[in-house]
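The sequence and structure come first, then the description.

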Amino acid sequence: MDEVKATPVTTADSQNKIVIKNLKVAFGSAEILRGVNLEIPPNTITALMGPSGSGKSTILRVLNRLIELYPEARVRGDVLLDGQSIFKMDVIELRKRVQMIFQIPNPIPNLSIFENVALGLKLNRLVNNKKELFQRVKEALEKAQLWEEVKDRLNAPAGRLSGGQQQRLCVARALAFNPEVLLADEPTANLDPENTAKIESLFLELKKEMTIILVTHFPGQAARISDYVAFLYKGQIVETGPTKEVFTNPKHELTEKYVTGRLY
């Protein structure tokens with residue numbers, strides 16, 4: 001496989017929320033990531049874009065160490081969160097700080113709307129009483145722009161919500177932990193344009209409080225809401241930089257083909 005020369009962003013580690021250093025991931029003999037280097041500033045939306053199979057979702061699974069649920073996965077390199085290696089952190093504490101939502105909304109359908117958000121708080125003993133629990137759940141639902149739609153039916157099963165509402169419920173469930181980083185793996189891939197717009201608007205608000213890393217197959221989405229983009233191809237970062245710069249003046253031919261819809 002040919003090596004691709006990347007165009008890196010060069011910012012001091014101390015100025016970034018996350019720094020990925022020479023990250024390599026393999027499943028058996030299959031190389032998924034082939035030496036990824038990426039710096040992610042705080043309170044920004046960074047979009048990871050590229051064709052299917054380029055390694056975007058694998059990066060997310062490394063960032064909160066979900067990759068460790070796959071026994072065949074081999075990880076080399078390092079990831080720093082606020083200057084500290086995530087591989088030296090307690091994994092439970094890491095996942096409180098780095099939350100994730102997925103392409104397909106995954107609330108627990110038979111649990112109530114309230115309990116879907118409250119469950120993690122209770123299991124991790126993050127609240128001291130019912131009043132505090134209610135307040136944390138309410139705040140999370142408000143931040144996810146869902147409270148007004150569900151406040152009168154908090155005890156209804158989550159499975160009765162629409163697809164877009166279920167995705168925002170999953171966002172609320174993540175926000176209940178007050179995370180520093182939100183990982184979003186193609187969160188609008190199965191949503192209609194109206195609900196996609198709601199999620200995008202939500203992310204633009206949330207970046208005031210946290211750092212968001214968004215995996216997307218849609219260059220248009222990256223262009224609309226991200227501050228920085230990283231274009232991946234065959235397990236390597238081809239080009240990364242401020243979104244406007246990459247889209248208007250791509251430095252690599254592969255990037256130009258992708259953002260103009262000629263590479264899938």
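Which residue in S2 is the bridge partner of phenylalanine 27? It is alanine 30.

## Basis

The model is predicted; local features need pLDDT of at least 70, side-chain atom pairs count only at pLDDT 80 or more, and totals for chains, interfaces and linings use all residues. Residues are numbered from 1 along each chain as its sequence is written, and side-chain values use heavy atoms, with hydrogens and water left out.

Helices (H or I, at least four residues) and strands (E, at least two) are DSSP runs numbered from the N terminus. Two strands pair if DSSP finds at least two bridges between them.

## Annotated regions

The unreviewed UniProt entry carries the annotation "domain: ABC transporter" for residues 18-259. Over residues 18-259 the chain is 38% helix and 27% strand, with the end C-alpha atoms 25 Å apart. The unreviewed entry also annotates residues 123-150 as "coiled-coil region". That stretch, residues 123-150, is 68% helix and 0% strand, and its end C-alpha atoms are 23 Å apart. UniProt positions follow the numbering used here, feature names are shortened, and annotations may be inferred rather than shown by experiment.

## The antiparallel sheet

An open sheet is formed by 4 strands in the order S2-S1-S4-S5, with antiparallel pairing. Strand S2 (30-40) and strand S5 (84-85) are the edge strands; each has a single partner strand, so one side of each is left without a neighbour in the sheet. S5 pairs with strand S4 (residues 73-81) in the antiparallel sense over 2 bridges, and glutamine 84 in S5 is the bridge partner of leucine 81. Helix H1 (residues 56-63) packs on this sheet and touches strand S1 (18-27), S2 and S4. Contact here means heavy atoms within 4.5 Å. The direction of H1 makes about 115° with that of S1; axes are lines fitted to C-alpha atoms, for helices over the stretch in contact, and angles run from 0 to 180 degrees between N-to-C directions.

S1 and S2 run antiparallel and are joined by 8 bridges. Their hairpin has 2 residues between the strands, and glycine 28 in the hairpin takes a positive phi near 65°.

## The mixed sheet

A further open sheet has 6 strands in the order S6-S7-S8-S3-S9-S10, and its pairing is mixed. Strand S6 (98-101) and strand S10 (236-242) stand at the edges with a single partner strand each, so one side of each is left without a neighbour in the sheet. From one strand to the next the twist averages 15°.

Within this sheet, strand S3 (residues 45-49) runs parallel to strand S8 (residues 211-216), and 5 bridges join them. Alanine 47 stands opposite leucine 214 in S8. H6 lies across S6 and strand S7 (181-185), running at about 170° to S6.

Helix H6 (residues 163-175) and helix H7 (residues 193-206) have axes that come within 9 Å and cross at roughly 20°. H6 is therefore roughly parallel to H7; angles under 35 degrees count as roughly parallel, over 145 as roughly antiparallel, 65 to 115 as roughly perpendicular and the rest as oblique. On the H6 side the contact includes Gln165, Arg168 and Val171, and on the H7 side it includes Lys198, Ile199 and Leu202. By class the contact of H6 with H7 has 5 nonpolar, 4 polar and 2 charged residues. Ala, Val, Leu, Ile, Met, Phe, Trp, Tyr, Cys and Pro count as nonpolar, Asp, Glu, Lys and Arg as charged, and the others, Gly among them, as polar.

The axes of H4 and H6 come within 8 Å and cross at roughly 130°, which makes H4 oblique to H6. Ala140, Leu141 and Lys143 in H4 meet Leu169, Ala172 and Leu175 in H6. The residues of this contact divide into 5 nonpolar, no polar and 1 charged.

## Contact of H3 with H4

Helix H3 (residues 113-123) and helix H4 (residues 130-143) pack at about 120°, their axes 10 Å apart. H3 and H4 are therefore oblique to each other. Among the residues in contact are Phe114, Val117 and Leu121 in H3, and Leu133, Phe134 and Val137 in H4. This contact has 9 nonpolar, no polar and 2 charged residues.
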